[in-house]
Amino acid sequence: MKHEVRVSVRNLVEFILRYGDIDQRMGAMQDVEAMQAGSKAHRKLQKQGGSSYQAEVSLKRKMTVDETLAIQVEGRADGIITNPSDASDVIVDEIKGTFTKLETIEAPDILHVAQADCYACMYGQLHDLETVKVRITYIHLETEAIKTFEFERRREELEIWFKDLVFRYAKWARWQIDWQEQRDETIHHLSFPFEYRVSQKRMMNGVYRAIEERKNIFIQAPTGTGKTLGTLFPSIKAMGQGKSGRIFYLTAKTITRSVAEETSALLYRQGLRMKFITLTAKEKICPLDECQCQPEFCERAKGHFDRVNDAVFDIINHEDGIRRETILEYSEKYQVCPFEFQLDISLWCDVIIGDYNYVFDPVVYLKRFFTDTSPTSNMIFLVDEAHNLVDRAREMYSAALYRRDFDNVYKKLKPLRPKIARKIHKCGQFLRDFEESRETDGTAFKIISEVGSFVLSLMRMVSDVEEYLKEDMAPELRERVTELYFQARRFVNTYDLIDDKYLIYTEGTGGDTMIKMFCVDPSGNLDERIGLSRSCIFFSATLLPVQYYKELLSKKPEADYEMYVDSPFSKDHRLIFTAGDVSSRYSDRNREQYERIAEYLRRIIRGKNGNYLAFFPSYAFMDAVFEVFTEREMQKAGNGIQVFRQESGMDENERQAFLENFREGTHETVLGFCVLGGIFSEGIDLKADRLIGAIVVGTGLPGVGSERELLKGYFDRTKGNGFDYAYLYPGMNKVLQAGGRVIRSESDRGVIALLDERFNYSGYQRLFPREWVPCQKVTMDFVENKIEKFWTEQINHL
């Protein structure tokens with residue numbers, strides 16, 4: 001046999017049902033998320049089956065299509081029930097959890113039946129059975145009540161049906177084989193597009209070794225070392241050698257996705273043929289002003305599945321680099337939903353570029369790639385700017401509810417659906433009770449040890465609301481009810497994840513009363529998804545200290561590799577200094593300090609005309625210094641200084657307009673006032689002389705708040721250094737990111753000024769990257785001399 005393709009049972013039946021006959025597939029796509037919730041109930045039901053119940057039975061079946069192609073279908077049946085006294089009496093059990101009231105389920109979902117039939121066919125062939133029974137078991141996630149549907153299948157009929165399923169899939173499998181042969185041939189001849197730098201070569205060797213050995217690796221690589229190409233290139237080479245499968249390039253920001261796209265275009269010009277796709281959020285790619293994915297609101301939702309098959313086959317045969325614009329073009333041509341269209345295309349792509357949540361978020365992750373039964377062990381995750389994943393993961397695996405949302409929906413539904421309204425009111429009452437408990441204790445926030453009864457009430461509410469959402473209602477009411485429904489369901493599902501790495505707390509008053517299940521350490525949750533990959537490559541310019549990130553992003557940090565990549569750029573190209581005679585401490589924020597900081601800015605930018613960015617701990621602090629600075633400088637006619645300030649909530653066009661002020665080859669001085677940790681302190685790429693100085697005011701420590709204090713307490717108990725984990729490490733990461741904007745290529749020269757006395761403390765300096773050593777200490781009286789000497793030396797060496 002020349003070629004063999006593997007496909008999971010779930011992916012096979014979903015694919016065929018999605019692209020198959022219209023009457024077969026419409027029911028299959030309903031509420032898949034709810035059907036997958038409640039893993040504890042799922043396991044409990046399996047255990048109750050007794051000795052005759054075999055849970056999670058692995059099955060596979062290879063079907064020969066012709067002399068050149070075989071397709072292996074594989075998966076795990078939820079349960080196989082055997083009769084000890086009759087070996088021919090077998091039931092294949094498919095279990096699905098649901099919030100839907102069982103009495104309203106009149107027939108099983110066609111998708112679930114198809115999965116069970118696949119397993120029945122595979123098991124029947126393996127054990128030479130004439131007939132096999134299939135059972136679809138629905139378990140209600142609130143009451144744990146059960147409803148079953150049972151059918152008897154003749155093996156002969158199953159074989160005909162299963163063969164048809166596989167043969168319909170074969171068209172796509174053949175395309176995939178032909179494409180992969182073409183792709184691998186170009187990978188084999190692909191050469192690195194630049195002259196190797198020693199540091200970059202070392203990084204690529206580390207990535208390749210990690211993939212080869214099925215390990216994860218954490219890479220600290222300074223800005224300008226070519227991390228995108230340095231991780232993608234060895235991953236692609238490993239793919240061409242059959243050592244890896246699909247590559248996910250994961251980012252936190254749109255701008256870093258653009259870098260990955262540009263890198264893929266560079267390799268394409270080198271002769272590489274691969275399918276790259278960039279996934280875009282639904283809100284950004286939907287052609288409607290407001291996303292409403294129902295046929296009555298969107299013409300493309302009508303008959304989408306009738307047209308999407310041809311659309312997918314067309315685009316994968318004619319496009320390699322599939323970006324947002326390309327997806328919109330083809331979706332317009334075939335009148336299909338661009339969001340769903342791009343997800344279908346991704347199944348046939350080699351590299352998927354997108355946000356972290358497409359892999360890690362428990363609600364929106366791409367289930368088509370990450371079912372337990374999928375053959376996914378060869379995938380590679382490239383996690384760009386991995387320092388962002390800590391807080392993003394905490395957000396993904398946490399869940400919060402607000403009293404105002406319950407109260408608002410309760411008022412709307414009370415005259416319309418009093419029974420449902422009462423259940424919503426009862427849930428809101430829990431939050432009022434939490435608030436009263438805090439008032440009694442006199443505390444702003446309070447840790448709660450148990451919320452089981454609250455979750456039970458939520459489950460009852462969710463069950464009724466789910467049924468209500470099937471009815472007609474005013475659009476505004478539907479929006480509010482739907483939002484509360486999904487918030488409550490996320491809370492219920494998160495409760496299933498609760499362990500000792502969670503804290504549950506409540507704070508706020510009145511409508512702002514909130515309860516939150518806060519994931520303080522996401523390593524365990526992330527590990528479940530990372531475990532589905534062959535190798536996970538975490539990389540960033542600021543992964544210091546690396547042990548901090550390893551402990552919060554990996555369940556077994558001791559087993560993971562780590563690498564520090566030295567900067568390829570000369571230390572003589574940068575001047576780094578700290579100022580010990582200025583403070584950004586909250587207690588020191590006054591007019592005198594603002595004037596001292598403004599004077600530092602003046603003296604730094606007087607050293608050389610050019611573009612500078614100054615970063616501040618908050619908008620309030622930035623505005624105060626901005627006013628002091630401009631009050632004096634703007635009174636001087638013809639001083640040659642242009643000053644710009646970051647505004648809160650800038651959209652993409654406004655951000656771009658701000659950056660366009662920092663032009664290459666300017667003979668004036670441009671100073672931008674920005675917020676530390678904001679949109680301009682990370683991810684922007686101002687090469688050459690578009691930026692010659694970064695002035696960082698303050699240590700970036702997060703403000704004191706409920707969650708930061710909870711983090712501090714948790715890590716005091718578990719690590720003994722809660723302040724570092726909650727404040728110091730996240731704060732210094734912002735500082736390093738801001739400073740990293742300056743030197744991004746071999747031709748770059750610039751100044752990095754750290755204005756706060758605390759930068760002279762050993763606890764802060766130990767977090768400086770190697771390329772920041774030595775770091776000089778200055779005072780107001782000597783800073784101009786230092787800067788003048790630095791720029792003079794740069795001119796002399798040119």
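Trainee: Let us start with H573: which residues does H573 touch, not counting residues up to four places away in sequence?

Mentor: In general, two residues are in contact when they have heavy atoms within 4.5 Å of each other. Leaving out residues up to four places away in sequence, H573 touches I743, E746, D748, R749, G750, F790 and Q794. Before going further, note that this is a predicted model: local features need pLDDT of at least 70 and side-chain atom pairs count only at pLDDT 80 or more, while totals for chains, interfaces and linings use all residues. Residues are numbered from 1 along each chain as its sequence is written, and side-chain values use heavy atoms, with hydrogens and water left out.

Trainee: Where does H573 lie, and is H573 buried or exposed?

Mentor: Helices (DSSP runs of H or I, at least four residues) and strands (runs of E, at least two) are numbered from the N terminus. H573 sits in the loop between β18 and β19 (574-579). For burial, under 20% relative accessible area is buried, over 50% is exposed, and in between is partly exposed, using a 1.4 Å probe and protein chains only. H573 has 15% relative accessibility, so it counts as buried. Also, the C-alpha atoms of H573 and V751 are 8.8 Å apart in space, although the two residues are 178 apart in sequence.

Trainee: How do I read the chain as a whole, and how many helices and strands does it have?

Mentor: The chain has 29 helices and 25 strands. Along the principal axes, the C-alpha atoms fill a box of roughly 95 × 70 × 50 Å. Buried residues make up 56% of the chain.

Trainee: How do I read a sheet? In what order do the strands of the parallel sheet come?

Mentor: Two strands pair if DSSP finds at least two bridges between them. In this open sheet, 8 strands follow the order β10-β9-β11-β8-β12-β17-β7-β18, with parallel pairing. At the edges stand β10 (321-322) and β18 (561-564), each with a single partner, so one side of each has no neighbour in the sheet. Inside the sheet, β8 (residues 247-251) and β12 (residues 380-383) are joined by 4 bridges, and L250 stands opposite V383. Helix α13 (residues 338-346) packs on this sheet and touches β9 (276-278), β10 and β11 (351-355). The direction of α13 makes about 150° with that of β9; such axes are lines fitted to C-alpha atoms, for helices over the stretch in contact, and angles run from 0 to 180 degrees between N-to-C directions.

Trainee: And which strands make up the antiparallel sheet?

Mentor: That open sheet has 4 strands in the order β13-β16-β15-β14. Its edge strands are β13 (399-402) and β14 (445-447). Strands β15 (residues 502-507) and β16 (residues 514-519) pair over 6 bridges, with E507 opposite M514. Helix α26 (residues 706-718) packs on the sheet, touching β14, β15 and β16.

Trainee: What is a nonpolar core, and how many residues has the largest one?

Mentor: In soluble globular proteins, nonpolar side chains tend to be buried together. A core here is a set of buried Ala, Val, Leu, Ile, Met, Phe, Trp, Tyr and Cys residues joined through side-chain atoms within 4.5 Å. The largest has 188 residues, and I71 and F360 have the most contacts inside it. Helix α6 (residues 155-189) gives the most to this core, with 11 residues. A second, separate core has 38 residues, among them I605 and I787.

Trainee: Last one: how many disulfides are there?

Mentor: A disulfide is a covalent bond between the sulfur atoms of two cysteines. The cut-off is a pair of cysteine sulfurs within 2.5 Å, and this structure holds 0. For C118, the closest cysteine sulfur is that of C121 at 7.5 Å, too far for a bond. C298 is in no disulfide either, with the nearest cysteine sulfur, in C286, 6.2 Å away.
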